[in-house]
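Please examine the sequence and the model shown below. The explanation that follows is meant to be read alongside them.

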Amino acid sequence: MPATENLVPGNRVYKEKLVIQDGTEYRTWDPFRSKLSATIMNGLDGLCIHNMDRVLYLGASTGTTLSHVSDIVGNGGAVFGVDHSSRVARDFMDRVAAHRTNVIPVMQDARRPEEYFAVSGRMDVVYADIAQPDQTQIAIKNCKMFLKKGGAFFLVVKVRSISAAKSAKKVVAEEADRLSDFEILDTIDLAPYHKEHAIIISRY
């Protein structure tokens, strides 16, 4: 199972196990709780997220995966967590943003990136995990506004949010076809951790 060096030693986000190795504390990264961890488990070749990166994270939810991205980019980086759901906002604030100075909550609708008053400058990475039929178009709009040239784009494809009738393979292929402005680096199915989900990794 993957793990990340804990940016806030002693702090847990979702009851994950803390492991000490050679004096350094790590947080185990559950692939059943995190699609990015599942991507690593299923053979991702190179994460494309690095120390000191600036990351725009669409669909922050309660912050499970985002907290591990926060560990990776470290105090020299920043993670802008976008979500407009008041249902998850309190958990996200209490579990993640309140403890991590490199996490900037953006309580806005991802459909309207022009209203992100807390976000400025270009991003090294855009990570999109939003359950909408037009999730890819929403994410591309955010990339065009904030992702730097050569930056990495992680697109989580939630097949049944897009189509209830088409095969998962066809849906993923159609969403990949929408990325005409991107160089696709890899497409990874997330089963058995997340059924009918895939992630497309590309470069702008």
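Predicted model: local features only at pLDDT ≥ 70, side-chain atom pairs only at ≥ 80, totals over all residues.

Residues are numbered from 1 along each chain as its sequence is written, and side-chain values use heavy atoms, with hydrogens and water left out.

Helices (H or I, at least four residues) and strands (E, at least two) are DSSP runs, numbered from the N terminus. An open sheet is formed by 7 strands in the order S6-S5-S4-S7-S8-S10-S9, with mixed pairing; two strands pair if DSSP finds at least two bridges between them. S6 and strand S9 (183-189) are the edge strands, each pairing on one side only. From one strand to the next, the twist averages 15°. Within the sheet, strand S8 (residues 147-158) and strand S10 (residues 197-203) run antiparallel and are joined by 7 bridges. Lys158 has His197, in S10, as its bridge partner.

Helix H4 (residues 135-146) packs on the sheet, where it touches strand S4 (54-58), S7 and S8. The direction of H4 makes about 165° with that of S8. Axes here are lines fitted to C-alpha atoms, for helices over the stretch in contact, and angles run from 0 to 180 degrees between N-to-C directions; contact means heavy atoms within 4.5 Å. Helix H6 (residues 168-177) also packs on the sheet, touching S8, S9 and S10, and its direction makes about 20° with that of S10.

The largest pocket holds about 470 Å³ of space. On a 1 Å grid over the protein atoms alone, a pocket is an open set of points where a 1.4 Å probe fits, with protein on both sides within 12 Å along at least five of seven lines, and lining residues have an atom within 4 Å of a point. Of the 29 residues that line this pocket, Gly59, Ser61, Asp83, Asp129 and Ile130 are the closest to its centre. Helix H2 (64-73) and helix H3 (86-97) each supply at least two residues of the lining.

Pro113 is placed in the loop between strand S6 (103-106) and strand S7 (123-128). With a relative accessible area of 1%, Pro113 is buried; buried means under 20%, exposed over 50% and partly exposed in between, for a 1.4 Å probe and protein chains only. Leaving aside neighbours within four places in sequence, Pro113 is in contact with Lys141, Asn142, Met145 and Phe146. The C-alpha atoms of Pro113 and Lys141 are separated by 7.7 Å, and the two residues are 28 residues apart along the chain.

Gln132 lies in the loop between S7 and H4 and is partly exposed, at a relative accessible area of 29%. Not counting residues up to four places away in sequence, Gln132 touches Arg111, Ile138, Ser161 and Ile162.

Backbone geometry supplies the remaining points. Asp22, in the loop between strand S2 (18-21) and strand S3 (24-28), has a positive phi near 50° and is exposed, with a relative accessible area of 76%. Cys48 has a positive phi of about 70° although it is not a glycine; Cys48 is buried, with a relative accessible area of 15%. The peptide bond from Ala191 to Pro192 is cis, with omega near 5°, and Pro192 is placed in the loop between S9 and S10.

Technical notes: Points joined across faces, edges and corners; volume = space filled by probe spheres on them.
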